[in-house]
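Biologist: Please put the model on the screen, and let us go through it piece by piece.

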Amino acid sequence: MKNKDVNFEDIVGRYLSITVDDEVFRIYAEESGEGIPLICLHTAGSDSRQFRHMLNDKEFTKKYRVIAFDLPWHGKSNPPEGYHLKEYKLTTDLYKKIIMSFCKAYKVDNPVIMGCSMGGRVVLHLALEQSKFFRAVIALEGSDKLEAYYDLDWLHRPDVHGGEIQAAFVSSQIAPQSPVNYRHETLWHYMQGGPGVFKGDLYFYWHDGDFEDRSSLIDTKLCPVYLLSGEYDCSCTPERTKATAQRIIGSKATIIPGTGHFPMSENPELFKTYIKPVLEEISKL
Amino acid sequence: MQSINNWITRVNSNKRLVHRGRWVNLTFTFGIDDHDFLIKINNGVITSIKKRTVLTQSGTFRIHGKSEAWEKHWLKIPPKDYHDIFAMLAKKIIVIDGNLIPLMQNLQYFKDIIISNGASDF
């Protein structure tokens, strides 16, 4: 094999176990780069592969230590022992505890946290409750509240293929302009989710994680908040992001034309032009 | 909107699309303004599209919207909220009712045969 046929990436993966509420979670995480820690949280029903472009981009990794991990039940992170005995429902409390336990395990100092979709929701909770710990939060496709527009039971029933329906649902959230290869890579992640996991995540995103009654309490002088949402996102719409930004005094909201709910994976080149100045600004804080 | 014959041809000549719909055997109703069309599918192949003439003719499920909405959906680059039938559903631009199980079992297939009537490459 000639060298030109081989391309090793800079991303390195590892496993760790953390204990939250007496349950042990075996977590898979990937990282690349050195500098300011940047913790990346994937969307509901997917995994950390969504951030591979950022993890491989030296323009980011020369200044940031980019870290992305799979939540338990997702990607290569296991569910805890006994998962088969109860229905998976991601609660706000568990989600926050897993993130903070992960950060503690990695011993990151004053990190930036960036989440997409449900990850973009939980970072708003963290901006309020962990304002001294985080240098800044970035909510991609983030809002403090959404309204359900389909019945979640479609996502987990024996007569409908879970992977197929998940991908078919979220394909509505990808912009038609996004490159076809990245569109289908983004959908592929959804086709691989475990039974009922996307549905369990949406319990947080559509119900338990509602935050519109507290988002106005965020002090952006203590923890700056950046919101970036895609024009074509029909879930966390630009209108919902703008409404959230109005409630969070001092937050900075940007609508990205021509992309959808998965900017970092459906159109990484376009996303880079919008996230780069945000990360530049945060690095100078 | 293309002609009905072109719509049928675009779907049936797309081998990958027909393959994905190989388990679909039904008739569904597709509504544009006050007009309903009965789209009959056999093993993923559209065998006929006929205008509904009496109310006793019906499909397993019905997808209905206004002509202006479908025209936007069928543009090469549809505007936001019109780019996908579930985006249209979220904004209440279209209505879906009836027995939704076969629709959900083959959702991407049905999305793709509907958008096949437009100019996008999907």
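Biologist: What sits over the ring of A:Tyr28, and how far from its centre?

Modeller: It is the charged end of A:Lys76, placed 4.6 Å from the centre of that ring. The rule for such a contact is that NZ of Lys or CZ of Arg lies within 6 Å of the ring centre and within 35 degrees of the ring normal. Please keep in mind that this is a predicted model, where local features need pLDDT of at least 70 and side-chain atom pairs count only at pLDDT 80 or more, while totals for chains, interfaces and linings use all residues. Residues are numbered from 1 along each chain as its sequence is written, chains are lettered from A and ligands numbered from 1 in the order in which they are written, and side-chain values use heavy atoms, with hydrogens and water left out.

Biologist: And what about A:Arg26, which ring does its charged end sit over?

Modeller: The ring of A:Tyr15, with the charged end of A:Arg26 at 3.8 Å from its centre.

Biologist: Let's turn to chain A's sheet; in what order do the strands come?

Modeller: The order is β1-β2-β4-β3-β5-β6-β7-β8, an open sheet of 8 strands with mixed pairing. Helices (H or I, at least four residues) and strands (E, at least two) are DSSP runs numbered from the N terminus, and two strands pair if DSSP finds at least two bridges between them. At the edges stand β1 (12-20) and β8 (252-256) of chain A, each with a single partner strand, so one side of each has no neighbour in the sheet. From one strand to the next the twist averages 20°, with axes being lines fitted to C-alpha atoms, for helices over the stretch in contact, and angles running from 0 to 180 degrees between N-to-C directions.

Biologist: How do β1(A) and β2(A) run, parallel or antiparallel?

Modeller: They run antiparallel and are joined by 9 bridges, and A:Val12 stands opposite A:Glu31 in β2(A). Helix α3(A) packs on this sheet, touching β1, β2, β3 (36-41), β4 and β5 (112-116) of chain A, and its direction makes about 120° with that of β1(A); contact here means heavy atoms within 4.5 Å. Helix α4 (residues 118-129) of chain A lies across β3, β5, β6 and β7 (225-230) of that chain, running at about 145° to β5(A).

Biologist: Is A:Ala29 buried or exposed?

Modeller: A:Ala29, in strand β2 (residues 23-32) of chain A, is buried, with a relative accessible area of 0%. Buried means under 20% relative accessible area, exposed over 50%, and partly exposed in between, with a 1.4 Å probe and protein chains only. Leaving aside residues up to four places away in sequence, A:Ala29 touches several residues, including A:Val12, A:Leu16, A:Phe69 and A:Tyr106.

Biologist: Which aromatic rings are linked into a cluster?

Modeller: Ring pairs link A:Tyr149, A:Tyr150, A:Phe169, A:Trp206 and B:Phe86. Rings of Phe, Tyr and Trp (its six-membered ring) pair if their centres lie within 6.5 Å, and planes under 30 degrees apart count as stacked, over 60 as edge-to-face and the rest as tilted. That rule gives 24 aromatic pairs over all chains. A:Tyr149 and A:Trp206 have ring centres 6.0 Å apart and planes at 45°, so the pair is tilted. A:Tyr149 lies in the loop between β6 (136-140) and α5 (162-170) of chain A and A:Trp206 in helix α7 (residues 197-208) of chain A, so the pair ties together parts 57 residues apart in sequence. Both A:Tyr149 and A:Trp206 are buried.

Biologist: How are the planes of B:Phe28 and B:Phe61 placed?

Modeller: That pair is stacked, at 5.1 Å centre to centre with 20° between the planes. B:Phe28 is in strand β1 of chain B and B:Phe61 in strand β4 of chain B, 33 residues apart, and both B:Phe28 and B:Phe61 are buried.

Biologist: How many bridges join β1 and β4 of chain B?

Modeller: There are 4 bridges between β1 (residues 25-32) and β4 (residues 61-65) of chain B, which run parallel, and B:Thr29 stands opposite B:Arg62 in β4(B).

Biologist: Last topic: where is A:Trp73, and what is its phi near?

Modeller: A:Trp73 is in the loop between β4 (64-69) and α3 (92-106) of chain A, and its phi is near 80°, a positive value in a residue other than glycine. Most residues other than glycine have a negative phi. A:Trp73 counts as buried, at 16% relative accessibility.
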